[in-house]
Amino acid sequence: MTDRRAFMIAMLAAPAASAQGFAGLGSDAEGFAMPDPKRPILFPRDHAPHPGYRVEWWYLTAPLIFDDGTPLGIQWTLFRFALDPPNLLQDSSARHVWMGHAAVTTTETHRVAERFARGGTGQAGATGQPFSAWIDDWRMSGQTPDAITLSAAGTDFRYELGLTATGPLIRHGRDGYSVKSGLGQASYYYSQPFYNASGTVDLGDGPRAVSGHGWLDREWSSQPLAKDQQGWDWFSLALDDGRKLMAFRLRGQEDFRSGTLIGVDGRTRTLTNDEIAVTPEQTHRGVPVEWRLRIPAADLDLLVSALNRDAWMETRVSYWEGPVTVSGSETGRGYLEMTGYRWQPE
Amino acid sequence: MIAAILLAFWSHWRRNRLQLATLITGIALATALWTGVQAINAEARASMTSAASASRIVGLPRLEPVEGETLTWKDFVALRRAGVLVSPIIRGDYRLQSGEHLRLTGIDPLSAPSDLWPGGDFMGSAGAADSVFVPANTAPESDLVADPSVPNGQAVADIQIAQRLLGRTDLDALLLLSPQPLGAPDPLGVTPHLAYVLPAETAVPAALTDSFRLNLSAFGALCFIVGLFIVRGTVGLAIAQRRQSIRTLRTLGAPAGLLRALMLAEIAIIATLSGLLGVLLGYGLASWLMPGVSVTLDGIYGASVGTHIALRPVWWLGGLAMAVLGTLLSAAGPMLAASDRAVLNEKPRSFGYWWPAAGLALFAAAAGLVIWGHGLLAAFAAIAALLLGGAATMPATIRALLRAARPLATGPLGEWMLAETETQIPRMSLAMTALMMALAANIGVSTMVGSFRESFAEFIDQRLAAEIYVATPGGAGDIRAELSPDERLLPLRSLKSVVAGQPAEINGVINDPTYREWSLLEAVDDPWSTLSGDGAIISEQLSYRAALSIGDVIALPDGPATVSGIIADYGNPLGKVYVSHQRLDRIAPGLPTPRHAIRTSDPASLRARMIAAGIPAERIAMQADMKATSMRIFERTFAVTAALNGLTLAVAGFAVLTSLLAAADARLPRLTPLWAMGIERRQLARLELLRVALTAAATALLALPLGILLSWLLLAIVNVEAFGWRLPFRADPAHWLLLIGVGIAASVLSALWPAHRLARISSRALSEVLSRDG
Amino acid sequence: MTTPALDVSHLRKSFSRPGSDIEVLSDTSFTLEPGATLALTGESGSGKSTLLHLISGLDRPDSGDIRVAGQNITALPDHGLARLRRERIALIFQQYNLIPSLNVADNLAFHARMAGRRDDAWTNALTERLGLSGLSDRMPDELSGGQRQRVAIGRAMALRPALLLADEPTGNLDEGSADVVIAAMLDLVAETGCALLLVTHSERIASRMSRRLHLSHGKVRPA
């Protein structure tokens, strides 16, 4: 039992720099289940948590506006980490650590809260049917992912949203098998990018009505990163023409790019390494906060700019995450997540 | 040749064993006091640092099950899922394989404030998260991780590990974290079977212990200086007696350089051996005093600090180094001089005019530092200048005092006594400087501690004026129902905020006579009634740090307020602002009132009534108990200070003895004429005692203003610079007289033996002195 | 017949030394009348000083009697001897033995005041006659040897002692100073009528006394 928590410790203690990729996600996965391209994602089976895999997350981002039109964004994230491989002799739920991050970002402010919980007590957890995930009073729940409510609170913010899907669930990669490196590291990855969202956000001066759209990501794996991969730049964009674009770049000895272009009707096109070009345009405190993102095959040449350049998540595992505005060949809004950077003093 | 010289040196000590013993004792005593105090200090510092994390738990508000209920993970999860941030703890007795019992605290590092985990951050202890953290001095066992941050007698582990080790499934308490999320519900609405338990008010503010340690350090340094006076006196005597043999050695062709080197080597060896002895004595001293210190800290932190002294290199090596370097420093001067010019007739140094002049310059420097200096360093420099100035002016001042006393002398013997005492000042000045320093330090520090005690007692009397204090998590409605018409309820509530750029607490008070009894340092007329307008009373710390005085305007969250009074608030690191109850309502609408004070003429009966009405007894604190606890802790601190007082004076007494023994041979020719004129030996011995007493008394008279000035510097300058509050000066003449008496007694005591020798000297020895050839 | 100022009879004194005892005085006897002056001479180590110490009560004989103005002092306890020295006997030493912390005037009056016989007119007269008038405020270490010895004589005579004992009083002085000192001493002895026993090895000084005794091998005989 001596290193039962070693993974958690390594995960929490090593932001950005380590030999195991960002946040330990490149650690060896011996004993854990591994994504298998011959085993596609199936619904509703795969709405449930996957305790045999080492790491799993529920990720909801929503670019919103207040009723006066002012833009903002909210983030709701729950991570599950398994402390050791599955073992028939033990209650499996107790060997997990849960970590929640929530944030509200406006042009003026970026408010963050963080929660941790051990598994097995009910303090945090997830179910597939009904579809729910929670840590403390933060919760995402609905009968199915089609209609969910979402809530979270920190010392200086609180939000409650209802989200209704207007399109299908999207499986990335090959039926949900999403490759993450040239060496074959992969994860299971599906999304619901078609949410209409509305609700209230309270920044300490009372709840205010908000609306917009939302994007849910569900992903699980046991070794999603190659050992040399030190971080990623991940985009989820809702274009004003109704199309959605997911694209990411994993930074290692060689960059690994991948993405999914989602049509208005939910049809997808997987974008490969060579089909995506991302270049940082502007850097703020060591973090690129403006990007040029080109998908020549789809005639997309986009300028992606942070709504609030200071959306650094000062959590135990720290990274940049915040709403973005899209301009260029198309307009739109979305979310940008960047890990493995160092937030430098101004 | 070297062997021959060493033999000559050694034969000196063999013939003068008493002198060697004095030298060794002097160095050892000085080292012992220094290392003892340093050892206590090091131990206290280490213990307090590690106690801090344990005390964090004690200091946090928590939920505990009411009588007959249990607290389980279910309650924890229910509260967390309702949005209340709590963290579970469990405590119990844990027996190691070695049989040692530790108090095990189980913590949930995932939900606890990060500084509760050993070493601060639980993430730093990778790979050991499943281990039990034990104090650094625990015998190694598997699954135990020794961690210097764990206090003695304690152990820390993950809560589930702790539950397994303690064989329990329930929890002891849920710590309420601060701040809670926006819109978090009332925890008692979620788990009604739990009660809100406020942390026990720490009886003595932690900042006071810093002051206590400052005292200890000052003591250590002064003790050492006093010790060095002994060393210098003894070495000077040894040199004087050796001059003849050194001269002979030089005429026999021993090079001066070699003699010098060998003498330094010799004294270094003696210093090392004596220093080792001193370190051992210091260890004993610290072990003897540590229980008192530990009880003091125990009371302050509610955590066991340990009563044993660990052998930390920081103090025993430091003590040894101080012994050797200090000895060489104080002995090198006379030694080198002796080897250079082996002259026989060296007159005792006369005090020219420049000594008192230098002293006056030092006094002026001290005054300048007080007036224009800033910071702790300037304050300590002022203290050093004051003491050195006192030492430099001492011979001239004693001389003046003795001259002034002449008209009081009746009869030839009285006149002779005064005259003789005066002429002997140069020979006694080293010892008397030691005595004066010791007395001044004692008067200064004891006045400071005494002022502390009185101010603190008065402060407690005023601040704990109410007879009963009750924790009122659910409001005071049930208590109000129990009160008789003459009993008054005072809500106690405060808001942490920032005022004038300083972290501060805004307190709301109702209009009650209780507050009018509080004495203010400065105030407008009837300051408490200004609170109904825009007035505010601020604490001294806030006034000092933000440079605020009466009439200044401060910005409060709801608008400006005018400072109408400044109030002492000893030992509180935060600033304080008092506004009216109504105004605090405006500033923080709905701010709960976690505690109430009650004024009553019959506290016992009210307590019984409240308990009968279902208010848990642990929520009710009686004023008398709180006061007693606070004062008990202080008394223990004083006990340690008093013990050190006594030891310093003993060392000073020893310095007097050394100087008297050194002067004994030179005394006879001055006394035999009196004997020849018909004064008996016993009377001569009495006169010698009287002379020492007279010198000591004059020294003590001088030490008194010096000590009073020293205490004033400590109270009004050092304390303000270090902690932000000034202690009122409380004169304690009775105690001063006692200290002076003890100082004189110590001197007379040390003069007893030389006097006894004089009383028993053979008449032949005396008559030989009378007829000795020139 | 008047009582002798000093009557020494059959005095014996020996000192223990490692190995053997040395008999310093064996059966020494002599008397001294009031107003008489007596010089005691002898080789170095012949016991002159010892005899003087015995007479002044600073030391005790092994046997024999010493009477000072008729009083047998050998039977006196220590405090009796101290009182005798305080009131009846004055001593003058080669080393002066002034009190170093007192000035000339205080030294001069000291012994008389100790005996409770303060007499300012007499001490003033002594100061003048001993030529110390301008030196009253000086400290002993500011005086020459001759001046110091004159202060010592003044101190002794201020007491008006019955017996004055002087131990080589001019031993540290040059001839000129010595003569002045001896003359002053003899003058005052004559005037006060006290007896003087003076130990010296100087023929010149001894010749000025009215009687002379020589101490040798523990016995005195007329020189």
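Predicted model: local features only at pLDDT ≥ 70, side-chain atom pairs only at ≥ 80, totals over all residues.
**The cores**

Let's start inside. The largest nonpolar core holds 191 residues, and Leu435(B) and Met436(B) are the ones that touch the most other members. Helix 19 of chain B, residues 681–723, gives this core its largest share, with 21 residues. Zoom in on Met436(B): leaving aside residues up to four places away in sequence, Met436(B) touches Gly390(B), Ala391(B), Met394(B), Thr699(B), Leu702(B), Ala703(B) and Leu706(B). Another core, of 95 residues, lies apart from the largest one, and its members include Tyr190(A), Phe235(A), Val278(A) and Ile295(A).

**Where chain C meets chain B**

Here, 26 residues of chain C are in contact with 22 residues of chain B. On the chain C side, helix 1 (48–55), helix 2 (78–87), strand 6 (89–93) and helix 3 (104–114) each supply at least two residues. Helix 2 of chain C has the largest share, at 6 residues. Sort that chain C side by type and you get 10 nonpolar, 8 polar and 8 charged residues.

Now for some strands, pair by pair:

| Strand of chain A | Partner strand of chain A | Sense | Bridges |
|---|---|---|---|
| Strand 8 (residues 147–154) | Strand 9 (residues 157–165) | antiparallel | 8 bridges |
| Strand 9 | Strand 12 (residues 186–202) | antiparallel | 8 bridges |

A hairpin links strand 8 of chain A to strand 9 of chain A through 2 residues. Which residue of strand 9 of chain A is the bridge partner of Thr149(A)? That's Gly162(A). Ala165(A), meanwhile, stands opposite Tyr195(A) in strand 12 of chain A.

Terms used. Residues numbered from 1 in each chain as written. Chains lettered and ligands numbered in written order. Core = buried A, V, L, I, M, F, W, Y, C linked by C-beta atoms within 7 Å. Buried ≥ 20, exposed ≤ 12 C-beta atoms within 10 Å, placed from the backbone. Helix = DSSP H or I, 4+ residues; strand = E, 2+ residues; numbered from the N terminus. Contact = placed C-beta atoms within 7 Å. Nonpolar A, V, L, I, M, F, W, Y, C, P; charged D, E, K, R; others polar. Pairing = 2+ DSSP bridges.
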